[in-house]
Amino acid sequence: MKYMRNNAVLFVSLIILSSCKNTGSEIVTLKDSLADFTHYVNPFIGTSKMGHVFPGATAPFGMVQLSPQTNFEVMFHDDGSYNTETYEYCAGYQYSDSIIIGFAHTNLSGTGHADLGDFLVMPTTGNLVLDPFKTSEGNNGFYSTFSHGNEEASPGYYKVNLDSYKIIAELTASERVGFHQYTFPKSDDAHIILDMIYNVYHHDNKNVWTFIRVENDSLVTGYRQTKGWARTKKVFFAMQFSKAFKSYGHKKYNKETYDGFYRRFNQFENFPEMAGKDLRAYFNFNTNEGEKINIKFALSPTSTAGALRNLESEIPHWDFNKTLNETNDKWKRELSKIEVETMNEADKTTFYTALYHTNLSPILYEDVDGQYRGLDQNIHSSDGFTNYTIFSLWDTYRALHPLFNITQPARNNDMIKSMLAHHDESVHKMLPIWSHYANENWCMIGYHATSVIADAMAKNVGNFDHKHALQASVNTANVRYFDGLGDYIDYKYVPDDKSHSSVSKTLEYAYNDWCIAQMAKQVGNTSIEGEFMKRSEYYNNVYDSKIGYMRPKLADGLFRKNFDPMDTHGQGFIEGNAWNYGLYVPQNIEKMVEMMGGKERFSQHLDSLFTTEIEEKYIAKNEDITRDGIIGTYVHGNEPGHHIPYLYNWTGHPEKTQERVRMIMNNMYASTVEGLCGNDDAGQMSAWYIFSSLGFYPVTPGSPNYALGSPLIKEATIHLDHGKTLFIKANNQSKENVFVKKVTVNGQVLKGILLSHQDIINGGEIIFEMSNVSKNK
């Protein structure tokens with residue numbers, strides 16, 4: 001594994017543009033001399049075990065995320081049971097593997113369920129082999145061995161030696177086009193395989209249809225429709241070779257029941273149409289020693305014509321290094337928005353890799369002309385915004401979108417407009433729950449687009465229509481057939497005998513309703529504000545004061561008898577237990593603390609959370625919770641507990657927040673391949689680290705405040721919108737000095753535990769005075 005670590009300085013005037021079309025996004029001019037922090041990004045961090053991130057090449061928020069795939073695990077065994085090994089390959093890559101089966105153009109970053117892996121490309125030499133692992137004769141498939149010693153990754157670039165073929169593979173990408181460069185040995189039998197079968201989370205019926213046209217001797221177009229996590233997903237492509245292929249063909253892997261009069265042709269060799277459910281195509285070449293064959297592979301959500309326009313617009317040339325340098329410059333701009341000095345080089349690598357991971361999704365989801373496929377499967381044109389997709393909202397509302405309100409306000413505005421477009425195109429008239437590629441996949445619980453919208457409104461971000469956003473949120477919150485919501489409205493909690501994860505749903509719906517009330521307050525709709533403020537208090541109805549825990553309640557009004565607050569399975573919580581998830585009332589933390597016995601008792605409970613070891617039996621049935629992400633019983637490897645270390649602030653013990661936060665940053669994150677303690681979940685895990693490193697965290701998205709913590713950085717400069725700059729400094733910073741004696745904002749001592757968004761966005765200076773002794777001692 002190689003990645004550069006020198007800190008060169010780039011002397012260039014940088015202007016950040018959010019899109020190639022005029023969408024009203026901001027133009028930010030940064031200072032002329034910017035440090036190049038791309039050399040501190042190690043894309044291999046988190047590629048081992050549970051991180052589920054990919055190391056491949058992509059532009060910031062790019063539609064194309066071109067990355068190596070190291071295994072092909074089917075989702076189900078022959079007997080129909082779930083194959084647990086599939087989970088390891090949510091991003092298609094595991095660092096422990098020693099083979100590569102190809103390079104796919106779409107990937108999800110850090111998710112705990114998966115899809116995509118579209119259009120796998122693999123260069124080979126020798127006898128043509130079209131099976132990835134084993135042929136029907138028992139011979140080796142087209143995979144290649146590789147070693148990490150001959151593998152490199154940096155923002156916008158990936159390189160590896162394919163040892164089985166003596167081919168050097170290099171990848172880069174623009175937003176919509178993947179750029180491959182393969183250096184071949186001398187061969188009369190060189191091949192490029194286009195695998196249309198391969199999927200992440202593959203099952204026998206995932207491919208609905210695949211179609212390829214050979215337009216000429218160097219241009220191929222086509223599409224694939226799949227039925228996976230996204231039920232109706234279509235991706236179109238245009239594939240252009242730098243050299244004409246001498247012959248081509250394909251093999252079908254599905255049984256053909258009817259092929260009409262196409263049966264009169266030999267379709268499998270040099271026939272310019274290929275169609276079927278499961279097929280692999282190949283293109284043959286003669287190559288000289290050291291000859292490079294390049295491929296430009298453009299994607300489109302609308303059509304092959306759209307893919308061709310994207311290709312011609314973004315990479316009209318064959319200069320691989322030109323595209324690489326342009327994409328690298330885009331990453332320099334994004335990473336330079338926050339300049340930090342840290343106590344050691346490892347922390348700096350961890351910080352900038354985390355910042356890199358926060359810029360991988362949501363992704364751009366429209367052609368260069370603004371056309372995109374909508375939730376209704378019709379083609380729409382974005383008007384006044386850039387369309388995005390991959391909204392993992394149960395995860396990302398917590399810290400990723402609040403981070404965007406500081407570092408990416410124009411993009412977050414576009415993302416909210418994309419969510420509103422989703423609502424308008426939805427037959428349910430709902431905002432996205434968890435959506436990708438013009439599909440709602442309904443994963444997880446709550447309706448957290450409301451949180452993203454409320455947070456932007458509270459922080460005065462964007463120019464989206466507030467009244468439209470409020471109405472879309474109200475519509476979403478009243479779809480009675482959605483996930484126990486009708487019962488929630490009727491019973492004022494979700495009954496456990498009517499819906500799974502009933503406590504988690506009640507708590508999250510109540511928080512979402514508070515967000516809607518905040519929106520209503522901003523637009524002056526007192527009726528909606530009052531209605532949803534009442535709903536925001538429904539969390540009270542699942543608190544059992546006799547045992548001191550949130551607890552599942554039945555439709556008859558009685559608490560469920562068989563209940564274990566430590567168990568993470570089947571106890572009314574999703575991916576959590578009452579010890580962790582039961583501490584989720586971000587809209588009224590003071591009331592929660594009082595309800596649970598007051599400040600001291602609540603503080604003691606938090607202490608126990610971090611010091612009581614959870615038994616293996618309580619996490620054995622939950623693949624999203626593993627030992628890697630657990631401290632005591634506190635689960636940092638999954639999102640529901642991310643706010644918990646900051647709750648000490650509300651107990652009169654901010655020093656415990658400071659101590660716990662620093663411990664988590666030092667123990668749960670690292671600059672190694674195992675440096676993520678759980679799924680990065682589309683950037684949420686990394687966003688927690690960015691906020692916490694800077695010394696504050698958005699415990700309650702939808703409010704204009706952040707809770708104070710303990711910064712890990714020595715200094716930070718945040719380049720804000722409209723040319724403003726915020727300077728953060730931790731005086732007397734050291735590994736031992738984890739406690740904050742005082743905080744000053746522009747010379748004024750900050751009282752209390754909260755920092756306002758205005759303190760950040762107006763720029764200026766925030767100084768933390770650090771000590772190895774807490775103020776409370």
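## A histidine in helix 13

H605 is found in helix 13, which covers residues 599–611. Helices here are DSSP runs of H or I with at least four residues, strands are runs of E with at least two, and both are numbered from the N terminus. H605 is buried, with a relative accessible area of 18%. Buried means under 20% relative accessible area, exposed means over 50%, and partly exposed lies in between (1.4 Å probe, protein chains only).

Which residues does H605 contact, leaving aside its neighbours within four places in sequence? They are Y549, W579 and L583, where contact means heavy atoms within 4.5 Å.

## What kind of model this is

This is a predicted model, in which local features need pLDDT of at least 70 and side-chain atom pairs count only at pLDDT 80 or more, while totals for chains, interfaces and linings use all residues. Residues are numbered from 1 along each chain as its sequence is written, and side-chain values use heavy atoms, with hydrogens and water left out.

## The whole chain

The protein chain has 16 helices and 42 strands. Its C-alpha trace spans about 80 × 60 × 50 Å along the principal axes. For 777 residues, a compact globule would have a radius of gyration near 28 Å, and the 26 Å of the protein chain agrees with that. This radius is taken over C-alpha atoms, and the globule rule is 2.2 Å times the number of residues to the power 0.38.

Of the 777 residues, 66% count as buried. Among contacts between residues at least 6 apart in sequence, 70% join residues at least 24 apart. The chain exposes about 26,900 Å², and carbon and sulfur atoms supply 47% of that area; accessible areas come from the Shrake-Rupley method with a 1.4 Å probe, and for residues only the protein chains shown count as cover.

How many positive and negative side chains does the protein chain have? There are 72 positive and 90 negative ones, and the centres of the two sets lie 2 Å apart. Lys and Arg count as positive and Asp and Glu as negative, while His and the chain ends are not counted. The place of a charge is taken as NZ of Lys, CZ of Arg, CG of Asp or CD of Glu.

Leaving aside neighbours within four places in sequence, M550 is in contact with several residues, among them V503, L507, Y539, F563, F573 and M596.

## Helix 15 and a buried alanine

Helix 15 (residues 684–694) is largely enclosed by the rest of the structure, because 11 of its 11 residues are buried. Among these buried residues are W688, Y689, I690 and F691. Helix 15 is followed by G695, whose phi is positive, near 105°.

G695 is also one of the residues touched by A707, not counting residues up to four places away in sequence; others include Y646, W650, F696 and L754. A707 is found in strand 36 (residues 705–708). Is A707 buried or exposed? At 2% relative accessibility, A707 counts as buried. The C-alpha atoms of A707 and F696 are separated by 5.4 Å, although the two are 11 residues apart along the chain.

Most residues other than glycine have a negative phi, and most peptide bonds are trans. K166 is not a glycine, yet its phi is positive, about 55°. K166 is found in the loop between strand 12 (157–162) and strand 13 (167–173), and counts as exposed at 68% relative accessibility. N460 also has a positive phi, near 55°. The loop that holds N460 runs between helix 7 (449–458) and helix 8 (466–476), and N460 is exposed, with a relative accessible area of 67%.

The peptide bond from S361 to P362 is cis, with omega near 0°. P362 has its place in the loop between helix 3 (345–357) and strand 24 (363–364).
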